Amino acid sequence: MTSKLNRLIIDYQSKVAYGIDLFRQKIGDEYPLNAWGRKALPQKGFLNKNTKYSFHGIGCLLEFPNCEVDFDYGPQKRYDGFDLWRLRIYWESCKDDYGYASYDEIVVDFKQAIKKDEIVTMEGTTLYFFKEF
């Protein structure tokens, strides 16, 4: 995997993890979909004065001052999954270009990482995860 793609994915996952931590601080749970489903948490709101959230389906859009991340929960309530669509939202919204001149370059690197079996899908989801050895 290219270092550019690796850094993009890790930064995306870090932002999601930060958002999950904000949910944990706000409601005491890292799986806020349950709270939303019970109507204990509104579909849209703020996690702090700078971070907005909006639930959808099995995921959430987090809007930070300098970027947006959209994530879905995967198997076993995992939130570290990603795909090209989600990486594109993040890449287009953040101030760091990660060395990519275009989204097409990300697509090429992503497909190579799949081909090299560096990122894989899990049963029951279309999200990708770093391969666990």
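Author: A residue counts as buried when its relative accessible area is under 20%, and as exposed when that area is over 50%. Keep this in mind for the model above, which is predicted.

Reader: Are Arg86 and Asp83 buried or exposed?

Author: Arg86 and Asp83 are both buried. They also form a salt bridge, with the closest N and O atoms 2.6 Å apart.

Reader: Why can such residues pair?

Author: Side chains of opposite charge can pair when their charged atoms come close. Here, Arg86 and Asp83 belong to one network with Asp70 and Asp72, joined by salt bridges that share partners.

Reader: How many salt bridges does a search of the whole structure find?

Author: The search finds 9 salt bridges. One of them pairs Arg7 with Asp96, where the closest N and O atoms are 3.0 Å apart. This pair links distant parts of the chain: Arg7 sits in helix 1 and Asp96 in the loop between helix 3 and helix 4, 89 residues apart. Arg7 is partly exposed, at 37% relative accessible area, and Asp96 is partly exposed at 29%.

Reader: Where do Arg24 and Asp21 lie?

Author: Both residues are in helix 1, 3 residues apart, which is about one turn of the helix. Arg24 and Asp21 form a salt bridge whose closest N and O atoms are 3.1 Å apart. Arg24 has a relative accessible area of 33% and is partly exposed; Asp21, at 29%, is partly exposed too.

Reader: Now the helices. How do I read the angle at which the axes of helix 1 and helix 3 cross?

Author: An angle of 65 to 115 degrees counts as roughly perpendicular. The axes of helix 1 (residues 3–27) and helix 3 (residues 84–93) come within 10 Å and cross at roughly 85°, so helix 1 is roughly perpendicular to helix 3.

Reader: Which residues of helix 1 and helix 3 make the contact?

Author: Helix 1 contributes Leu5, Leu8, Ile9, Asp11, Tyr12 and Lys15, while helix 3 contributes Arg86, Leu87, Tyr90 and Trp91. Sorted by class, the contact has 7 nonpolar residues, 3 charged residues and no polar ones.

Reader: At what angle do helix 1 and helix 4 pack?

Author: The angle is about 95°, and the axes are 10 Å apart. Helix 1 is therefore roughly perpendicular to helix 4. On the helix 1 side the contact is made by Lys4, Leu5 and Leu8; on the helix 4 side by Glu105, Ile106, Asp109, Phe110 and Ala113.

Reader: Where are Lys39 and Tyr98 found?

Author: Lys39 is in the loop between helix 2 (32–37) and strand 1 (44–48). Tyr98 is in the loop between helix 3 and helix 4, the loop that also holds Asp96.

Reader: Is Lys39 buried or exposed, and is Tyr98 buried or exposed?

Author: Lys39 is exposed, because its relative accessibility is 74%. Tyr98 is buried, because its relative accessible area is 4%.

Conventions:
Residues numbered from 1 in each chain as written. Predicted model: local features only at pLDDT ≥ 70, side-chain atom pairs only at ≥ 80, totals over all residues. Heavy atoms only, no water. Axes fitted to C-alpha atoms, helices over the stretch in contact; angles between N-to-C directions. Helix = DSSP H or I, 4+ residues; strand = E, 2+ residues; numbered from the N terminus. Parallel < 35°, antiparallel > 145°, perpendicular 65-115°, else oblique. Contact = heavy atoms within 4.5 Å. Nonpolar A, V, L, I, M, F, W, Y, C, P; charged D, E, K, R; others polar. Salt bridge = Lys/Arg side-chain N within 4 Å of Asp/Glu carboxyl O. Buried < 20%, exposed > 50% of the residue type's maximum accessible area, 1.4 Å probe, protein only.
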